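Subject: Structure handover

Hi,

Here is the structure we talked about. Please open it and follow along with the notes below.

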Amino acid sequence: VLAELIEKFVLHLSESLSDCYFSMGNYKATDADVKNESLSSVQQLGVEMTVRYGKYLNLLKENAENGLCFVLMNCEKFLKQQQRTVESPLCCLQERCAGYDWFASSVFLIMSGDGEKTFAFLQRFSRLLVSAFLWLPRLHISVHLPITTVESGIHPVYFCSAHHIEMLLKAELPLVSSAFHMSGFTPSQICLQWISQCFWNYMDWNEICHYIAICIFLGPDYQIYMCISVFRHLQQDILKHTEA
């Protein structure tokens, strides 16, 4: 039901010019039989983890690896069309996006392992502003960003979402904010980890689905409210750890 709902919602928005912030391009999915070898070692490990988790949740069938590899390879090629060439010693600005695409993997599980359906959804989703915040590889060395922002190697999620989370935390949960300040560890660091991993390993699958759905339906600012809610939920634990 969730898959059908977000699919129809994104399809409706992507057909409205006023709701589209980015162009989709003319990329056609290729290589239905993508082999694992063409993925990096980090991606291969991510595929194994995603498939294992999907089978544990009874969302995936056998041979799901091929469908996920198809999605990841085509996402990489699709997004590469909208990337800059940057000469930089920073590892995060090398040709491939650093890390693993947890958002695409989450959508793959929501779509019950249908690779073609997942990729078609991600292509349409890439036109919307919320894609910049939920799908981190979307703006990796992107032509949609100023060159100075690209060269800094800092993703907009960090200086937009994470920055606003810290500002709100001071106002809404001053004790939690102070606890982080005393620890010398910023809330934005943990939030960037949560967001880049789509809350995998932090929330149950139902909650991950709620997070993705809420941000798609209500807007990217709900990513900020979600993180503040988690900090509120963890407040007593955070304060107890600070005292200890």
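Let's start with Glu 7. Its relative accessibility is 18%, and the cut-off for buried is under 20%, so Glu 7 counts as buried. Please keep in mind that this is a predicted model.

**Glu 7 and its partner**

Side chains of opposite charge can pair when their charged atoms come close. Glu 7 forms a salt bridge with Lys 117. The closest N and O atoms of this pair are 3.9 Å apart. Glu 7 sits in helix H1 and Lys 117 in helix H5, so the bridge ties together parts that are 110 residues apart in sequence. Lys 117 has a relative accessibility of 31%, so it counts as partly exposed.

**Helix H1**

Helix H1 runs over residues 2-14.

Ala 3, Ile 6, Glu 7, Val 10, Leu 13 and Ser 14 are buried in H1. They cover an arc of only 135° around the axis, so they lie on the same side of H1. The face turned away from that buried side carries Lys 8 and His 12, which are exposed. What covers the buried residues of H1? The cover includes helix H4 (102-110), H5 and H11.

**Thr 118 in helix H5**

Go to helix H5 next, residues 115-125. Thr 118 is in this helix. Is Thr 118 buried or exposed? Its relative accessibility is 0%, so Thr 118 counts as buried. Its side chain has a polar atom 2.7 Å from the backbone oxygen of Asp 114. Leave aside neighbours within four places in sequence, and Thr 118 is in contact with Val 71, Ala 104, Val 107, Phe 108 and Met 111.

**The other salt bridges**

How many salt bridges does a search of the whole structure find? It finds four. Among them are these two.

- Glu 62 and Lys 55 meet through their side chains, at 3.5 Å from N to O. Glu 62 is exposed, because its relative accessible area is 62%. Lys 55 has a relative accessible area of 29%, so it is partly exposed.
- Glu 172 and Arg 232 also meet in a salt bridge, at 3.3 Å from N to O. This pair links distant parts of the chain, 60 residues apart. Glu 172 is in helix H8 (residues 156-172), and Arg 232 is in helix H12 (residues 221-233). Glu 172 is partly exposed, with a relative accessible area of 42%. Arg 232 is partly exposed too, at 45%.

Most residues other than glycine have a negative phi. Two residues here are worth a look.

Asn 58 is not a glycine, yet its phi is positive, near 60°. Asn 58 lies in the loop between helix H2 (41-56) and helix H3 (64-80). With a relative accessible area of 70%, Asn 58 is exposed.

Phe 199 is not a glycine either, and its phi is positive at about 65°. Phe 199 lies in the loop between helix H10 (187-196) and helix H11 (205-218). Is Phe 199 buried or exposed? At 1% relative accessibility, Phe 199 counts as buried.

Best wishes

Technical notes:
Residues are numbered from 1 along each chain as its sequence is written. This is a predicted model: local features need pLDDT of at least 70, side-chain atom pairs count only at pLDDT 80 or more; totals for chains, interfaces and linings use all residues. Side-chain values use heavy atoms; hydrogens and water are left out. Helices (H or I, at least four residues) and strands (E, at least two) are DSSP runs, numbered from the N terminus. Buried means under 20% relative accessible area, exposed over 50%, partly exposed in between (1.4 Å probe, protein chains only). A polar contact is a pair of N or O atoms within 3.5 Å; within protein, one must be able to donate a hydrogen and the other to accept it, and residues adjacent in sequence count only if both atoms are side-chain atoms. Contact means heavy atoms within 4.5 Å. The expected span of a helix is 1.5 Å times one less than its number of residues. The arc is that of the directions from the helix axis to the C-beta atoms.
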